[in-house]
Protein chains: 2
Amino acid sequence: MDTADLRINPDRLRADFDDLSAIGATAEGGVTRLALSNEDLEARAWFANRIEDAGLVLRDDAIGNTSGILVMTQSAADPSFLVGSHLDSSLNSGRFDGAVGICAGLECLRTIREAGLRLPVNLEVISFTDQEGAWQSMLGSRGLTGRLGDLTAHRDAETIGAFRAALFRTGIIVNDLHEMYQAARPPEQVAGYLELHIEQGSRLYRSGKRLASVDGVVGRTTYLITFLGEASHSGTTDFDMRRDALRGAAAFITEAHDTIYLDFPGGMFNCGKIKVEPGVFNTIPAKAAVLCEVRHADEATLMTMEQHLLALAGRYAGRYNLDVQDKRVQHMPAAEMSPRIMQAISDACAGLCLPSPEVLTSYAGHDAQILAPFTETGMIFIPSINGISHNPNEDSRWEDVVLGANVLLHALIRAAGGSL
Amino acid sequence: MDTADLRINPDRLRADFDDLSAIGATAEGGVTRLALSNEDLEARAWFANRIEDAGLVLRDDAIGNTSGILVMTQSAADPSFLVGSHLDSSLNSGRFDGAVGICAGLECLRTIREAGLRLPVNLEVISFTDQEGAWQSMLGSRGLTGRLGDLTAHRDAETIGAFRAALFRTGIIVNDLHEMYQAARPPEQVAGYLELHIEQGSRLYRSGKRLASVDGVVGRTTYLITFLGEASHSGTTDFDMRRDALRGAAAFITEAHDTIYLDFPGGMFNCGKIKVEPGVFNTIPAKAAVLCEVRHADEATLMTMEQHLLALAGRYAGRYNLDVQDKRVQHMPAAEMSPRIMQAISDACAGLCLPSPEVLTSYAGHDAQILAPFTETGMIFIPSINGISHNPNEDSRWEDVVLGANVLLHALIRAAGGSL
C-alpha cells in the first residue's frame, strides 16, 4: 500500500476512546480523572496495557509520564519524536479533553507499525502527568523538559504534604519530590512533539471548519488575591466601620471582568473560586480569597494585564478600607509553534485532499506550550460542539476525531522525516 | 437595708464572667461555643452548677433551655418573670455577647435572694438554646413561646440529620425533633422578660452614653440566592457563550450593598458566605450560592427590601445569561418592646440617680424579639467598645457591665411588681 493511502482504524480508535471514557465516568456523562487519583491510576494502567498490546516498548519516567515507543532505530533509548496528550481530567470534566490526543497518538503508532513503515527516528506516544493542574499544571511536560522549578514555591506545607503523599502512593516517588527532577531529558533526545486536541472554544465549530493548525498558545498567570477586612456583627456595625472583605472582592471581580474585556483585546480573565471567612450569614466577612487567572497570547501584554489587575485590587481594598495580599501562584509563558511542524500539518491536509487548516491561537494551556521552547512542536485542533469544554457536555463529532487522527498520522510521518 | 440601696456584687459577677469566658476560649481571645457543641455543653453544665450553688431551682426544658428559679410563690411551677440571654456563641466570637446577660441575670437573682426581698412572682434566670443560629436561630425562645414552626422546612436532609444527631447527643431529644415542641409554655406562665446585652454597634460608645433602653428589634430575613450558569473552559469559551455564575453573583452583591444603603434608610444588607462550584481556577463557575440577609425595623419596608433584592438578582441573572433560584431560609419579624418594661428601665435609672437611658432600636436579633409578642419584654444595652462584635476583639468597659447589671436588678424588681 502506498503510504499516502495510509489511514488509522476508526473502529479501533473508537473502542479505545470508549474504554477510556468509562474510567472515572460521572453520572452527568463526563469524567473525573484527577491526576494521581485512583481513576488516573486506572487510566494509566489501561494505557500501559494498550501500549503493550500494540507491541510498543513501555516507558515510565521519574515524573509519572507514561509512554510507548515504536522503535525505528537501533534502540528504544535513541531520540524519539513525541506524540500525545494527557489522561488526567479536571473535576466532572469532558471525555474528549486529552483523551482524543492519547487515543489518536496510540492509533497512529499502531497504524505505522502495521504498515511496516520505516522512519529515521523512534516514535513515542506519551501521556503527561497532571496537565490539568490538580496538583501542579503540566507537571509531566515541565519535568520532561527540565523546567520543573521549585516544586514547593507558592504552596503551603499542607498542600505539599498531600502532594508528596499522592506521589508516594502512586509509586512516582519513593522518598522525596526531588526524585522527579530525574525525568528531565536532554533536548537532543527529543526530535519533536505533535498533539491533537479539541479546540475547547467555538471558533472552528461556528466557522464550519473541521481542522486547525495552532500557531501559538496563550500565556497564563494565576493569582490568589486575598482581601482582608474585619469580622463584625452584620446588623449592628455602622456603615463607616464596616470592613467587608467580600464586598471588596465582589467589586473587584465585577470590575476585572469588564476592564479586561474592554481594555485588553484578546485577553481573558477568570475568577473560578472564592473562599470567605468566617462564612456566616450574620457576620461581616473578614477574609475573601479570590483565585483568578489572566491569559494573553502576548507576554508583554500579559504583564501589563497583571499589573492592571493588582492595581484594581488595591483600589477596591482602599475604597472599602481593606488590606489586600497577592500571590502569583503560577505563570505559564506564551509559546509559538514551530513553522516546520505547522508546514507538516498543512502538507498533511493537502496530501489528504483537505482544505488548508485554519490557523488559530490556543486560549487553553497545553503541554505543547511547555514543549515548544524545548523542541519543534505543533498542535492540531478539531471542533468542540458549541465550544463547550471542562464540562460533562463537552462533545465533538466523531468524524472530526477520525479526520484529526488521520491528519495527525500524516503530519507525524512528515514531521518525523518520513516520505509520502 | 433599703431596697433602693440594693446593688449586685461586682466581684462575684466578674468571677462568673471570667469562668464562662474560659469555656471555648480561642487563641485570638474570643470564644467558640456553637450551640450543641462540647463547649456549649460545658457552659450549660457550668451554668447549672452556678444555679444550684445560688440556691435556685434548676429547670431544663424540652428544647434545652437551662434556667434557675427563685421561688417567691407557693411553687416553682407558678408563673415566673424571666431574665437572661444565651450561653452559645458564633464561631470565634466575643466573650460578652450573651454572657453578660446570663451572668448579670444570675447575679440579680442571687442579690435579691440574699436580700430576702419578696416579690409577687417567681423570678427565673434563663439561657436560651442556639440564639446565634448554629442550627436554627433563636431555637430555644421560639420553642418556649410555641413558635417553633416546621423544624425541617428550608433545610436539606443532611442538615436535618446532623441537627437530630446533635440534639440526640446532647440529650435534648430521645427520638425525634417533635419532642422539642413540649417546651412551649402557656403565655400566662410567663410574667415578662428582661435582657441585658451589649449593643454590638457603636452608637452608645460614640455618644459617650453608658446605657440604653431598647424600643424595638429589627426584623431580619435570610436568603440563599443561587446563580446557575455553565461550567466551561475559562480560556477558550467565547465571551458571548460565557455563563459565569460567580460574575452574576459578584455584580449582585456589589449592587445590593449600594442600593440597600441608598434606597432604604435604616436598612442593612449582609452577604456573609458564597459557595462556588466547581471552584477551579481554570473553569468558569457553574454555580454561585450566596447566603445573605436584610434587616429593617419596619416589617413593611423589610418586605419591600426583599422584593427589591430578588428583582436585583433576577436582573443580573438576565444580564449574564444565568438562571437564579431563591430560598427564603428564615424570617424573624420586627418586634416592639413593652412600654411598661421600658418605663421600669427608665424608673430604675432615675432611682439609681443615672441619666435617662438612650432609646435605641436593636439591629441585632435577640431572644427578646421572640418573647415580645408573647409577654411584656424589655432590653437594656451597654456600650460595645468601637462597636465591634462577633469578633474576638469584642469588648465592653467592665464598669458599664456592672452599671448595666444594677439597672437590670432594679428594672427587674420594678417590672416583677416589687416596690422600691
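Predicted model: local features only at pLDDT ≥ 70, side-chain atom pairs only at ≥ 80, totals over all residues.
What is the order of the strands in the open sheet of chain A, and is the pairing parallel or antiparallel?

Residues are numbered from 1 along each chain as its sequence is written, and chains are lettered from A and ligands numbered from 1 in the order in which they are written.

**View 1. The open sheet of chain A.** Four strands of chain A are arranged in the order 9-11-7-12, with antiparallel pairing. Helices (H or I, at least four residues) and strands (E, at least two) are DSSP runs, numbered from the N terminus, and two strands pair if DSSP finds at least two bridges between them. Strand 9 and strand 12 (323–332) of chain A are the edge strands, each pairing on one side only. From one strand to the next, the twist averages 15°; axes are lines fitted to C-alpha atoms, for helices over the stretch in contact, and angles run from 0 to 180 degrees between N-to-C directions. Strand 7 (residues 219–228) of chain A is joined to strand 12 of chain A by 9 bridges, and the two run antiparallel. Tyr223(A) stands opposite Arg328(A) in strand 12 of chain A. Helix 7 of chain A lies across strand 7, strand 9 and strand 11 of chain A, at about 10° to strand 11 of chain A.

**View 2. The open sheet of chain B.** In chain B, 4 strands form an open sheet with the order 9-11-7-12 and antiparallel pairing. Its edges are strand 9 (268–277) and strand 12 (323–332) of chain B, each of which pairs on one side only. Strand 7 (residues 219–228) and strand 11 (residues 287–296) of chain B run antiparallel and are joined by 10 bridges. Leu224(B) has Leu291(B) of strand 11 of chain B opposite. Helix 7 (residues 245–263) of chain B lies across strand 7, strand 9 and strand 11 of chain B, and runs at about 10° to strand 11 of chain B.

**View 3. The packing of helix 7 and helix 8 in chain B.** Two packed helices are described by the angle between their axes and the distance between the axes. Helix 7 and helix 8 (residues 299–319) of chain B pack at an angle of about 145°, and their axes are 9 Å apart. The crossing of helix 7 of chain B with helix 8 of chain B is right-handed (left-handed if the near helix is turned anticlockwise from the far one by less than a right angle, right-handed if clockwise). Residues of helix 7 of chain B at this contact include Gly248(B), Phe252(B) and Glu255(B), and those of helix 8 of chain B include Met305(B), His308(B) and Tyr316(B); two residues are in contact if their C-beta atoms, placed from the backbone, lie within 7 Å. The contact comprises 10 nonpolar, 3 polar and 1 charged residues. Ala, Val, Leu, Ile, Met, Phe, Trp, Tyr, Cys and Pro count as nonpolar, Asp, Glu, Lys and Arg as charged, and the others, Gly among them, as polar.

View 4. The same surface serves both copies, as 100% of the contact residues of chain A recur in chain B. At the interface, 55 residues of chain A are in contact with 55 residues of chain B. Helix 7 of chain A gives the largest share of the side of chain A that touches chain B, 8 residues. That side has 24 nonpolar, 24 polar and 7 charged residues.

**View 5. Backbone features in the loops.** Most residues other than glycine have a negative phi, and most peptide bonds are trans. The peptide bond from Glu277(A) to Pro278(A) is cis, with omega near 0°, and Pro278(A) lies in the loop between strand 9 and strand 10 of chain A. Gln200(A), although not a glycine, has a positive phi of about 75°. Gln200(A) counts as buried, with 27 C-beta neighbours inside 10 Å (buried if 20 or more other C-beta atoms, placed from the backbone, lie within 10 Å of its own, exposed if 12 or fewer, and partly exposed in between).
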